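Welcome, and please have your viewer ready. We will go from one selection to the next, with a short note on what to look for at each stop.

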Amino acid sequence: IGEAEAKALREWLAGLGLMSKVSVVPLGAETSPPDFNPALRKGIAYLGSAHTQKRVPVVVAAAGLAGIPIHLGLSLTNELAAEDLSKIGPVAEKYKTSITVGEYGVEARARLFSSVRAVVTASITDDQWLPGTESRARGAIAIANDKQLPTWSIREANGDAILYFDETAEKLAEKLREFVLDDAKWEAEAR
């Protein structure tokens, strides 16, 4: 829920005397209408963990193949993720990727999604993919891997609200060239 809905819910729960038993956490920042000026938006972003199943090197390589700058916002929560991040390093260095590590709060995500043309994932284990949904509200297009492990389905949760690619860096690079580099196509998809 948004901040306004969270405030209303807190007030209602307080009126019932239940606020001490419930935590209300807004999902995203309040949104104003997105700015669709292509000159104000640069590159793409990946936001999430560095775990192997997220396939971050595929995203980085695709951005490099398409000649598009990428920002990786990585959350490191355990040793496995740190180990996976070490595998991304050589690919990221080759393609001059910017990387930040840490938790992305609501406002940080809002700023990031408002500054890029697309948010991308190559994951094989996402079901709802909230960064894709949030980015759409900020005027960025969302592009996801269409090949998921059984029981995981980005397509089921997002339908045709996002674009899909067929698992490889080359196929993702094609989508990026088509929908991110072409101002008119980007704007039509983003709206």
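## Starting in the sheet

Select Ala45 to begin: its bridge partner in E4 is Val119. Keep in mind throughout that this is a predicted model. The pair you are looking at belongs to a parallel pairing of E1 and E4, which runs over 2 bridges.

Now colour E4 by residue. Ala118 and Val120 point one way from the strand, while Val119 and Thr121 point the other way, and all are buried.

Move on to E5. This strand pairs with E4 in the parallel sense, over 4 bridges. Select Val120 and you will find Ile143 of E5 opposite.

## Zooming out

How many helices and strands does the protein chain have? There are 8 helices and 6 strands. Followed from the N terminus, the elements run α-β-α-β-α-β-α-β-α-β-α-β-α-α. The protein chain has 191 residues, of which 46% count as buried. If you draw the contacts between residues at least 6 apart in sequence, 70% of them join residues at least 24 apart.

## Into the core

Next, select Ile44, Val120, Ile141, Ile143, Leu172 and Leu176. These are the residues with the most contacts inside the largest nonpolar core, a set of 31 residues. The elements that give two or more residues to this core are E1 (44-49), H2 (56-66), E2 (70-75), E4, E5 (141-145), E6 (163-165), H7 (169-179) and H8. Which element gives the most? That is H2, with 8 residues.

Centre on Ile44 and show what surrounds it. Beyond its neighbours within four places in sequence, Ile44 is in contact with residues including Ala63, Ile68, Ile70, Val116, Val120, Leu176 and Val180.

## Along H2 and off its end

The buried ones are Val56, Val58, Val59, Val60, Ala61, Ala62, Ala63 and Ala66.

Step just past the helix to Gly67, which takes a positive phi of about 75°. Gly67 sits in the loop between H2 and E2. Is this glycine buried or exposed? Gly67 counts as exposed, because its relative accessibility is 59%.

## A buried arginine without a salt bridge

Go to the other end of H2 and select Arg55, in the loop between E1 and H2. Arg55 is buried yet has no salt bridge, and the nearest side chain of opposite charge, Glu167, is 4.7 Å away. What does the side chain of Arg55 reach at 2.7 Å? The answer is the backbone oxygen of Glu167. Leaving aside neighbours within four places in sequence, the contacts of Arg55 are Ala122, Ile124, Asn145 and Glu167.

## The salt bridges

Side chains of opposite charge can pair when their charged atoms come close. Across the whole structure, a search finds 4 salt bridges.

- Select Arg109 and Glu134, whose side chains meet at 3.0 Å, N to O. Arg109 lies in H4 (residues 106-115) and Glu134 in H5 (residues 130-137), so this pair ties together parts that are 25 residues apart in sequence. Both residues are buried.
- Select Arg117 and Asp183, which form a salt bridge at 2.8 Å, N to O. Arg117 is in the loop between H4 and E4 and Asp183 is in H8 (residues 183-190), so the parts tied together are 66 residues apart in sequence. Arg117 is buried, with a relative accessible area of 9%, whereas Asp183 is partly exposed at 40%.
- Finish with Lys185 and Glu178, where the side chains meet in a salt bridge at 3.1 Å, N to O. Lys185 is partly exposed, with a relative accessible area of 36%, and Glu178 also counts as partly exposed, at 34%.

Conventions: Residues numbered from 1 in each chain as written. Predicted model: local features only at pLDDT ≥ 70, side-chain atom pairs only at ≥ 80, totals over all residues. Heavy atoms only, no water. Buried < 20%, exposed > 50% of the residue type's maximum accessible area, 1.4 Å probe, protein only. Core = buried A, V, L, I, M, F, W, Y, C linked by side-chain atoms within 4.5 Å. Contact = heavy atoms within 4.5 Å. Lys, Arg positive; Asp, Glu negative; His and termini not counted. Polar contact = N/O pair within 3.5 Å; in protein donor to acceptor, adjacent residues only side chain to side chain. Pairing = 2+ DSSP bridges.
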